[in-house]
Amino acid sequence: MTTTSTVHALIDPDTPFAVVDEEKALRNAQRLRAHLDRLGVVQRPHVKTSKSVPAALMMHGDQPGPITVSTLAEAEGFAAAGFIDITYAVGIAQHKLPRVIELLRRAVTVTVLVDSIEQARAVAAASAEENLRVPALIEIDADGHRGGVLPGHPILTRIGRILHDAGCLAGVLTHAGESYFAATDDAKRAAALEERDAVVEAAQSLRAAGITVETVSMGSTPTAHFAEDLTGVTEVRAGNYIFFDLVMAGIGVCRIEDIALSVVVTVIGHRPEKGWVLTDGGWMATSRDRGTARQFVDQGYGLIADLDGTLIPGLVMTDASQEHGILTVREGQPLPDLPIGTRLRVLPNHACATAAQYARYHVIGRDRTITDTWDRIQGW
């Protein structure tokens, strides 16, 4: 839900608070949409990063379209806003099927995810009991990152047969989670190819067994941007790209200046003997995510910019307690003069984790004034 607010500046709301730069988010959305259009595949953006209806509309050119969610609360919230084609891309737990069925009865297509015989049987049984079709995708393990069935494993066709015979099989889905560690462009292109080949191979195996497969779904933010040939794929899912973050910048998917999400904090103290500047934004404001620690450049808990978004040379949020952030400078950089009361912006390591700390975003335009607020959908 979007609520209009009185135009004011980043010096007005109480800190810490989350800020979205609308122009940057729009450019990010347009960039990927244009790329996938060139590759001829449907876009099904993952809304788990923003959990925001206005952001999802932006990803689809200001109208509802197919989306991916990570919680049923998201599915319910986005359905209420007019999004009626939803993939719930977390392995289904049997006790959650009644909520899926309730949405299906409201003419909202919610496709669930399975990677086991037990889940497939639960979906088939619920469909028979409720006299409706619960569509399901089989999760494919493309790179050993998390869950899923290996493309050539015999269990794939067993799961496929159960769902097919129940009229529930929608297709196959994969997510190349290891692509988040692909530090070079060649590595990201290779990850995209590996992801595509795994899910297409799985679809072909099922079809060879006489099982109909319509949806062949892949997607992560790195592979979505670096895929060059998506033959055999019907749709791509990605979500982080609407905001981007320092992890994505660290592996070259975006530039630091493309990051659309930040957290405004206030300087509340100094420890000159330690070289510290203290803020009121600890890990409750930015999350504990330290995703750049494994990269070539460790960005601590986030890089620091002024309210105009200009990075302050060498200044990093290097430590945090619950409500205190500690800023220090990299070796060789002078500690800037930041009087108590100075407001700063922290660029996050992981946009999904940082956004999750807030119930809403303050949205800014080109002149850095707040023009809107976007509510987030919370819970599971």
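## Ground rules

Helices here are DSSP runs of H or I with at least four residues, strands are E runs of at least two, and both are numbered from the N terminus. This is a predicted model, so local features need pLDDT of at least 70 and side-chain atom pairs count only at pLDDT 80 or more, while totals for chains, interfaces and linings use all residues. Residues are numbered from 1 along each chain as its sequence is written, and side-chain values use heavy atoms, with hydrogens and water left out.

## Around helix H3

Just after H3, Gly 82 takes a positive phi of about 100 degrees. Within H3 (residues 72–80), Leu 72, Ala 73, Glu 74, Ala 75, Phe 78 and Ala 79 are buried (under 20% relative accessible area, 1.4 Å probe, protein chains only). These buried residues pack against helix H2 (53–59), strand S4 (67–69), strand S5 (85–91) and helix H4 (97–105).

## The sheet

Eight strands make an open sheet, with parallel pairing and the order S3-S10-S9-S8-S7-S6-S5-S4. S3 (42–43) and S4 sit at the edges with a single partner strand each, so one side of each has no neighbour in the sheet.

Pairing takes at least two DSSP bridges between two strands. S5 and S6 (residues 109–114) have four, in the parallel sense, and Asp 85 has Thr 109 in S6 as its bridge partner.

## The cores

A nonpolar core is a set of buried Ala, Val, Leu, Ile, Met, Phe, Trp, Tyr and Cys residues joined through side-chain atoms within 4.5 Å. The largest has 108 residues, and Ile 138 is among those with the most contacts inside it. Helix H7 (residues 185–208) gives the most to this core, with six residues. Apart from it lies another core of seven residues, including Leu 10 and Phe 17.

Note on methods
Buried < 20%, exposed > 50% of the residue type's maximum accessible area, 1.4 Å probe, protein only. Contact = heavy atoms within 4.5 Å.
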